[in-house]
Every structure is written in structure tokens, then in C-alpha cells.
Amino acid sequence: MPAVQDTIDRVRKIDVDQYKYGFQTEIAVDKAPKGLSEDIIRFISAKKDEPSWMLEWRLEAYRRWLTLEEPTWARVNYPKIDFQDIYYYAAPKSTPGPTSLSDVDPEILKVYEKLGIPLKEQEILAGVQKTDASELEEVSDNVYKSGRVAVDAVFDSVSVVTTFKKELAQAGVIFCSISEAIREHPELVKKYLGSVVPTSDNFYATLNSAVFTDGSFVFVPKGVRCPMELSTYFRMNEKNTGQFERTLIIAEEGAYVSYLEGCTAPQRDENQLHAAVVELVALDDAEIKYSTVQNWYPGDAEGKGGIYNFVTKRGDCRGHRSKISWTQVETGSAITWKYPSCILRGDDSSGEFYSIAVSNGYQQVDSGTKMIHLGKNTSSRIISKGIAAGFSQNTYRGQVSAHRKATNARNFTNCDSLLIGDQCGAHTVPYMEAKNSTAQFEHEATTSKISEDQKFYVMQRGIPEEEAIALIVNGFVKDVIQQLPMEFAVEAQKLIGISLEGSVG
Amino acid sequence: MLEIKNLHARIVDDGTEIIRGLNLTVKAGEVAAIMGPNGSGKSTLSYILAGREDYEVTEGDILYNGQSILEMDPAERATSGIFLAFQYPMEIPGVATMEFLKVAMNEQRKARGEEPLKIPEFLKRVKEAAASLSMDMAMLKRPLNVGFSGGEKKRAEILQMKLLEPKLCVLDETDSGLDIDALKIVSDGVNALRSPDRAFLVITHYQRLLEHIVPDSVHVLYRGQVIKSGDKSLALDLEANGYAGVIGQAA
């Protein structure tokens, strides 16, 4: 656990409830008028230069959305959202769409630099830009130097740049913003968009289908193993603006891809909405590994402000022997409502969900997964670690179901909750449904408190209190951290330490 | 090195007084055995020395190298050189023993203003210490104390003591749950650490441990007080005649 020391060092440097990524950047923006109507949707579609079928798709979703009610079943409380009081489109004026790096507003590049996301460095490594010695020095300091990572950077409503595109294209991999994909690869988008999360799926997914602005598109063709990690960094900058991310990842027969998303937002008193839809499609023998490090602004120590993160993520193991694996580290957001799920449609397909959800202050987390076993001999595995501190509420909500034809479906679920202090709550809500007598489901759940005994023992070896807690917590989440790509595992550990800042004493 | 003066302490939760006017002095280089019947306050004394918050000192003082340690938290006491080998070492799931050792050693070095150990030096020290306690290095890759047998846990405690090089070692019933062979290994480990600038407080029920770790002084604890002190012959006397006689004299 080399990150423990770093965790503590970082925690010490930060004042209580000071969110590291809370800065705002002054950038000239192009915005849609506030509120939601068919005209706004036409505006968004026109801004993105979309074909008419896409606009129709959006409008249909919007009309359906008007008939839907906001869901209330999750264990979260928040004042009613006024959907007419939100901006649905905001784009930096200088960069209306994805461009090459040299065209990106330097202010925006600075934002990503500040967030520690290496757009420039990556291009240097890729050989796209001419390098000189001083730039190479910069590269050597970079944490990502060991492995190459292609990045799609989404700033409010638009993707500002995608790196490594050329090299990926050589391997046959398409990695671009969804807006670009709609223009450049309409046949693929038409075929797969909404095929996993239909426009009618749920209130937020339907809203997203109407107004989605940007996100990433990944297509890995038959037999190709994507040569590098792909990642998208979402940044919300503009005030009162919702972010409606739409991501679509397709792995054809025998393909493999590992993808990671990261998210941050400025620190503000108002709540902001992030309503994303992510769809994954894995055909025969394909594998998709999707990791999230979510660090949206969580609100201040009194629970004021923060992001409402209402997200629909679903993967379809459409082919035989396909595999989809979700790993998430959730530390941010005032409210998290998120259930990355797998439809195990192909025979012998498998789904995994590894989750660490950390809540502190007044954060509310209601997260989990659904594993829907449809094919024969399908298997799923759920490992969830909830850590609640402060006054937060942390709920695991999961559903495992085996349908009639899903013979020999197997599931293993393990949900552990750790409480720090006595003002917080951890809840586990598992649903299990087997319509097939050959299904084998196992469920384990524990709730524990960091015991005074453990803390005293660790401190007795000379390890100060905050580091003792970080050490115990990092041990608690170890099985999940191990699932993250190497480059991000250390970052995730640090993030967990920072999120628990101020939870002691 | 250690001077406990008229110490009174109670359990914070319910106010029960456990230590009632305890006096004890241990010099550098000395091995002091603390004996006494169940419930006399032996383990409580070890917790109070290490700074456990469940106990509150209401009167008296504990001086370590002439300084009161009552205001120091457990980590500060540890880095100042006080080590407690626990009767029931805690399990720390997910934290490899090796990693734990590294964090603890480097934290103590940091407190002393020293640089962290380089990995090869760290490994060398751990290997030597583990070998001297007949511990398998593979065991150190496992999470600390998780699934360890009673004997393995006690060995792991002594391993930590060896590596952290404390000045005042408190051993709380280190002999409990050990078979004869393990007892010998653990005792040899402790004996190897005896030195003129290091003191030991060995808490035990039985004379058996003191055959291996021969004490310089023996103190009988009863109802939170030291009621009798003597040399190693006192332990033999207790073994032969039980505590009743000593308690009778004190009453």
C-alpha cells in the first residue's frame, strides 16, 4: 500500500471540506437559453450538426419524458428539481467541437493540466507533436508514463479533444466523441444507440436521450485487442448547467477494451445535475472492462451544493462467452443514483461489478447493480464495499435474476459496509429472483465499524490516527482496488483517503 | 526508565476504578515481571501505558524517562519507544503484514527525523528478524494476523518488537496460547533483545514463561495495586503456594 503515505500527506495539506478540484475557469461560452423545450432540443441538435434521424430520436424521447414521473424509490432526499431552471447546452466558444490539440483554448488545456490529466503529454508520447527536451522532462514526471492512455476530454457539453486517434485508427479502433460518431459513423450509432438502454428506460435515461450533449464513442472491431487504455474525463464548469453524458462502447467478436472515466466539477453552493447514459455491447467472446473514478463536487461540510449524479449504465453481453466488468470508485457527488448493470444474454457470458462507494459529510449514495441472467451457464460476481462517515447515508441496492432459460446461472454477491463514527448509515437492499431451479445464488453481507481495538492496535505501532484509519480502509477496499487499471489504482486510493478527511474524531 | 506514581485509573464508560494507587519503578536494562490473579488489573495496566482511550487516569502519573506521558496519544507513545505486545493481536484485513511493517517502521523513523528505509535494507532486516523467530516469509505476505494461529500471532508481535526496536517493551500474557516449542522461540526472541538500555514489563499468570525469560524483579498486582515485590524467587513461591498467602499478608 504505497499510497498510504501519500494519502496522509495529501489529507494534511487540505483544509477540512476543501475540494481539490473546486476551481472554476472563466471561459467564453456559447449557451442555449435556459430551460427545456422542443426548440432547445432542435438547438442542441443543430449545434452538433446532427442528421435529421438523430433529431427525431431526441424529440421522441422528449415527448415520452413529458409523460414520466421522477422516481422516488431510492433512499435519497433532495428538493424537487426544476428542470426549466437548467441550461442544457454550454460549450466553450473557442472550441465548438473536437479539434486537434493546437486549436484547443489554452485556458481549457490549463484546466486539464490542473486536474492532472495529460492531454499534451500523451500526444508527445504518440509522436503527434514534435518534441523538444524540455517537453520530454515534463513527460518523465508524468504518472501515466508507464502505460499509454488515450484521452477524450469532455468540457461541459462538448468534447474538446481526443488524443491518440491516429494510432488507434491504425488498429481499427474508433475512439471519438459521440457527436463526431453521429456524423462520421451513423450506421454504427444507429445500430447500437439505445439498444441497451432504450429511450423509454427510465426518467433520467429518457431525459438524457432527449438532451444528451457529449460523451465518448468506442468501437473495437472483430478480433482486435485495443492497444491502450481509453479514458474520458468529464468536467462540469459552467454554472447552472446540466451535463448529459452519453457514452457508447461496442466490442465486436473477440475484441477487448479497457476504458476509464473520471469526473470533477467546481465547488458551488447550487446543486448541479449530471444525468448520464452509458451503453456497452459485447459480442461473442468480447470483453469490456469499464472503470469509473467519480469525484464530482460532493457539497460542503454542511451539505450545501454538490452534484446530483443520476446515471444509467448498462452493459449487454450480447454474444456467447462475452464478458463485461464494471469497476467503480465513487467518492464525489451530493447524491449518487447509479446501478451499472449487466444483461447476460449470450450463453456462458459473465458479468462483474466491483464497487467502492465512499460517503462523508451529508452525501447520499444509493448505488449497486443488476445482473440479469438470460443465457445458459451465465455467471456474475458482485463485490461492493461501502464506507460511510460523517452524516452520510450509503445504500447498496442490487438485483440478481435468473430467467427460465438461464440454466446453471451462478451469482456470488459480497457486500461489506464499514462505518466510521456513529452519525452515518449503511444499508443493504439485495433483491434475488430465480425462475430456474438450477440457479445458484450466494449472498454475503457484513457491516462493521472500524473498531477502537483495531485503531488502537495500529496506532500502538507508531502510526498516527488519520493514517491508521486510511490504512484500515485501504485494506478493506483492497479486493476492488485490485480490479482497477494499475495507473489508476494508486490515484483511487489517494482519493479515498482524501474523501474521508475530517471523518476522524 | 519507567516510574508509575500512585496511579488511579477507571473505565471511561462506567466509571469502574481498576487501578487504585499503583506504584512501580522499572530501570533501564531491567526485566520486571507483573503477576497476579485474574481481574487484578494487569492487562489494564498495559493498555494504560500504551494510551488506550477507554481508560481515564484520575490521579497520579506515569513518567517515562522522567517525562509524563499521560497527554500523549498511542502513536506518540509508540514512536517515543513504548511497545505493547498484545495478548490478543488484532486482525487487519487486506493489509499485508510486510506492508504494515514498512509503514510502521517508516512512521517511527519519520518521528525521529530519519529517512524512510530503502527497500533492500528493509527486506534484509525483515528477513533476518523472521528467520530468528522461525517465521516463513510467505506468511508475511498474508494480511496481518488474519487467519494466523495463536502461536503465529504471538510470533508476529515479537517480530514487530524486534523491528521497531522499542526502549520499553510491555508483554501482555505473551505466553498464553503457546505450545512449548513456540514458547521457547518467543522467549529466545525476547532474550535476544535484552540490553542495558531497554526495559521489559512481562505480564503473566504463570511461572512457566519466567523460566525462559528470567526476571530481575517480580511484582504482584492485586486489586489495582502492587501488593508485593521481590526477586525471581517470589515467582517460584507464588507457583508453589498460590496467590492466597500473599493476598492474605497484604490484607
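The model is predicted. It pairs chain A, with 14 helices and 22 strands, with chain B, which has 9 helices and 10 strands. The two chains touch: 19 residues of chain A are in contact with 24 residues of chain B.

**Confidence in chain A**

- The mean pLDDT of chain A is 81, and 82% of the residues score at least 70.
- Among the elements of chain A, strand β15 (residues 341-344) has the highest mean pLDDT, 97. Helix α6 (residues 133-140) of chain A has the lowest, 32.
- Residues 121-146 of chain A have pLDDT below 50. Beyond near neighbours in sequence, that stretch has 32 contacts in the model.
- Residues 6-17 of chain A also stay under 50 in pLDDT. For them the model has 26 contacts beyond four places in sequence.

**Chain A: overall build**

- Chain A has 505 residues, and buried residues make up 57% of them.
- Take the contacts in chain A between residues at least 6 apart in sequence: 83% join residues at least 24 apart.
- UniProt, in an unreviewed entry, places the feature "domain: SUF system FeS cluster assembly SufBD N-terminal" at residues 165-226 of chain A.

**I249 of chain A**

- I249(A) sits in strand β8 (residues 246-251) of chain A.
- I249(A) counts as buried because it has 24 C-beta neighbours inside 10 Å.
- Leaving aside neighbours within four places in sequence, I249(A) is in contact with V218(A), V257(A), Y259(A), L280(A) and I288(A).
- E38(A) lies 211 residues from I249(A) in sequence, and their C-alpha atoms are 28 Å apart in space.

**The side of chain A that touches chain B**

- 19 residues of chain A meet 24 residues of chain B.
- Two elements of chain A give two or more residues to this side: α11 (452-459) and α12 (465-476).
- The largest share, 6 residues, comes from α11(A).
- By class, the residues on this side of chain A divide into 11 nonpolar, 4 polar and 4 charged.

**Chain B: overall build**

- Chain B has a radius of gyration of 18 Å, close to the 18 Å that the globule rule gives for 251 residues, so it is as compact as a globular protein of that length.
- The C-alpha trace of chain B spans about 55 × 40 × 35 Å along its principal axes.
- Buried residues account for 43% of the 251 residues in chain B.
- Among contacts in chain B between residues at least 6 apart in sequence, 71% join residues at least 24 apart.

**Chain B: the antiparallel sheet**

- An open sheet of 4 strands runs in the order β2-β1-β4-β5 (chain B), with antiparallel pairing.
- Its edge strands are β2 (17-26) and β5 (67-68) of chain B, each pairing on one side only.
- Strand β1 (residues 2-11) and strand β4 (residues 55-64) of chain B run antiparallel and are joined by 8 bridges.
- E3(B) has L63(B) in β4(B) as its bridge partner.

- Strand β6(B) runs parallel to strand β7 (residues 168-172) of chain B, and 4 bridges join them.
- The bridge partner of I82(B) in β7(B) is L168(B).

- E165(B) is not a glycine, yet has a positive phi of about 45°.
- E165(B) lies in the loop between α5 (150-164) and β7 of chain B.
- With 15 C-beta neighbours inside 10 Å, E165(B) counts as partly exposed.
- E173(B), also other than glycine, has a positive phi near 45°.
- E173(B) belongs to the loop between β7 and α6 (180-193) of chain B.
- E173(B) counts as buried, having 21 C-beta neighbours inside 10 Å. The cut-off for buried is 20 or more.

Key
Residues numbered from 1 in each chain as written. Chains lettered and ligands numbered in written order. Predicted model: local features only at pLDDT ≥ 70, side-chain atom pairs only at ≥ 80, totals over all residues. Contact = placed C-beta atoms within 7 Å. Nonpolar A, V, L, I, M, F, W, Y, C, P; charged D, E, K, R; others polar. UniProt positions renumbered as here; feature names shortened; annotations may be inferred. Buried ≥ 20, exposed ≤ 12 C-beta atoms within 10 Å, placed from the backbone. Pairing = 2+ DSSP bridges. pLDDT = per-residue confidence, 0-100. Rg over C-alpha atoms; globule rule 2.2 N^0.38 Å.
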